[in-house]
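Morning, everyone. Let me put the model up and walk you through it, one region at a time.

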Amino acid sequence: MNIPFVSFRPMEQELNTELREAFDRVLTNSWYILGKEDEAFEKAFAKYTGTKHCIGVGNGLEALEMALIALGIGPGDEVIAPSNTYIATVLAISYAGATPVLVEPDIRTFNLDPSLIEQAITDNTRAIMPVHLYGQPCDMDPIMEIARKHDLYVIEDCAQAHGALYRNTKIGTFGTASGFSFYPGKNLGALGDAGAVVTDNDELAEKIRAIANYGSDYKYHHIYQGRNSRLDEMQAAFLSAKLLHLDRMNQERKRLAARYLEGITNPQITLPFVPEYANPVWHVFAIRCDKRDELEEYLKERGIGTNKHYPTPIHMQPCYKDLPYAPGDLPIAEEISRTQLSLPMYYGLTDEEIDYVIDAINSFK
């Protein structure tokens, strides 16, 4: 049996008619930037997340970057972020001109450990950027309490967690602003790059929208030195079609994850931990194993695709060699990078395929 780490084919085959109708609609209208499709998706996604405003942008990195810039965060400021995340989180801080300050996660949840945040706060700290990694919600109550105590912004990185719930409330609704990615592999993915910022702040939404459109409040009038980061009509149309099915497809991911959680019994495997406050959407099913590389090869030999999220921690990436961290300074992030392995998890995986993966893992010695 051959099981890829991810496949878009089952979803695309199921939604083929709706996606083609979306394509034809945009092509027929001959309007490709900042039109009715973008407006419709922004309205629908704001409603879905439970926020007042959604601003479609080019990708998830730019969503976070522009939220930071619109909040006036830049050179001389510090932003707290988890030490284990995809590099886009930290790049957004750097692109805004601020300095990332890395805080270790809880190794059970992979998410930012609220008990470690306050010791990282300095006079220059302006914001906290929690990442709902792998589709698992962060523990937002203590994070928000710390932010209020120290008068800090919270910008949620929701790139991997579309539809996830924290204490029955959608993620993306806790911070001052939140960034989403619609990269094709996400739970809600475009057919190319795309992203969005959501917020309840009217003034902030207006400012982000202007910054994303060359800093323009109306045509040929530029109040900021802005960016070109806009959600194009074609991707907006595709996303509107797929958004209608997001909850149903997330529910199927939850069913598949439950099969993994129940079926994998190999004592060498550390399974994901789900706190009582969390209702994850399983963008990634992340296990840990001290013999991770051997397990990866073992599964590959049996036709099972896997991935590592992420094999090199942020502070050990060459582009961040100037950050004040050395190997060993962030041991939890390093331990996760050394032991984490992601199993196949996508809409369309069959029970037979899940059983095959489970059997292979349980037979690993």
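Start with Phe 110. Phe 110 is buried, at a relative accessible area of 7%. Buried means under 20% relative accessible area, exposed means over 50%, and partly exposed is in between, with a 1.4 Å probe and protein chains only.

Some ground rules. This is a predicted model, so local features need pLDDT of at least 70 and side-chain atom pairs count only at pLDDT 80 or more, while totals for chains, interfaces and linings use all residues. Residues are numbered from 1 along each chain as its sequence is written, and side-chain values use heavy atoms, with hydrogens and water left out.

Back to Phe 110. Its phi is positive, about 70°, although Phe 110 is not a glycine. Most residues other than glycine have a negative phi, and most peptide bonds are trans. Phe 110 sits in the loop between strand 3 and strand 4 (125-128). Helices (H or I, at least four residues) and strands (E, at least two) are DSSP runs, numbered from the N terminus.

Now compare Tyr 220. Is Tyr 220 buried or exposed? Tyr 220 is exposed, with a relative accessible area of 71%. Its phi is also positive, near 65°. Tyr 220 lies in the loop between strand 10 (216-218) and strand 11 (221-222).

One more backbone item. The peptide bond from His 309 to Tyr 310 is cis, with omega near 10°. Tyr 310 belongs to the loop between helix 10 (292-301) and helix 11 (331-339).

Seven strands form an open sheet with mixed pairing, in the order 1-9-8-5-4-2-3. Strand 1 (53-57) and strand 3 (99-103) are the edges, each pairing on one side only. Two strands pair if DSSP finds at least two bridges between them. On average, neighbouring strands here are turned by 25° against each other, direction ignored.

What about strand 3? Four of its five residues are buried, so strand 3 is largely enclosed by the rest of the structure. Strand 3 runs parallel to strand 2 (residues 78-82), joined by five bridges. One of the partner pairs is Ala 81 with Leu 102 of strand 3.

Ser 181 has Gly 195 of strand 9 as its bridge partner.

Stay on strand 9 and look at Thr 199. Thr 199 is buried, with a relative accessible area of 2%. Its side chain reaches the backbone oxygen of Thr 176 at 2.7 Å. That is a polar contact: a pair of N or O atoms within 3.5 Å, where within protein one must be able to donate a hydrogen and the other to accept it, and residues adjacent in sequence count only if both atoms are side-chain atoms. Beyond four places in sequence, Thr 199 is in contact with residues including His 53, Ile 55, Leu 204 and Ala 205. Contact means heavy atoms within 4.5 Å.

Now the helices on the sheet. Helix 3 (residues 36-49) lies across strands 1, 8 and 9, running at about 130° to strand 1. Helix 7 (residues 202-212) lies across strand 1, strand 8 and strand 9, but at about 15° to strand 1. Axes are lines fitted to C-alpha atoms, for helices over the stretch in contact, and angles run from 0 to 180 degrees between N-to-C directions.

Asn 201 caps its N-terminal end, with a side-chain oxygen 3.1 Å from the backbone nitrogen of Glu 203. After the helix comes Tyr 214, with a positive phi near 65°. Buried residues in helix 7 include Leu 204, Ile 208 and Ile 211. Helix 4 (60-70) and strand 10 are among the elements covering the buried residues.

How do helix 4 and helix 7 pack? Their axes are 9 Å apart, at an angle of about 120°. That makes helix 4 oblique to helix 7. Under 35 degrees counts as roughly parallel, over 145 as roughly antiparallel, 65 to 115 as roughly perpendicular, and the rest as oblique.

Last pair. Helix 9 (residues 246-263) and helix 12 (residues 351-362) have axes that come within 10 Å and cross at roughly 30°. So helix 9 is roughly parallel to helix 12. On the helix 9 side, the contact includes Arg 255 and Tyr 260; on the helix 12 side, it includes Asp 351 and Ile 358.

That's the tour. Questions welcome.
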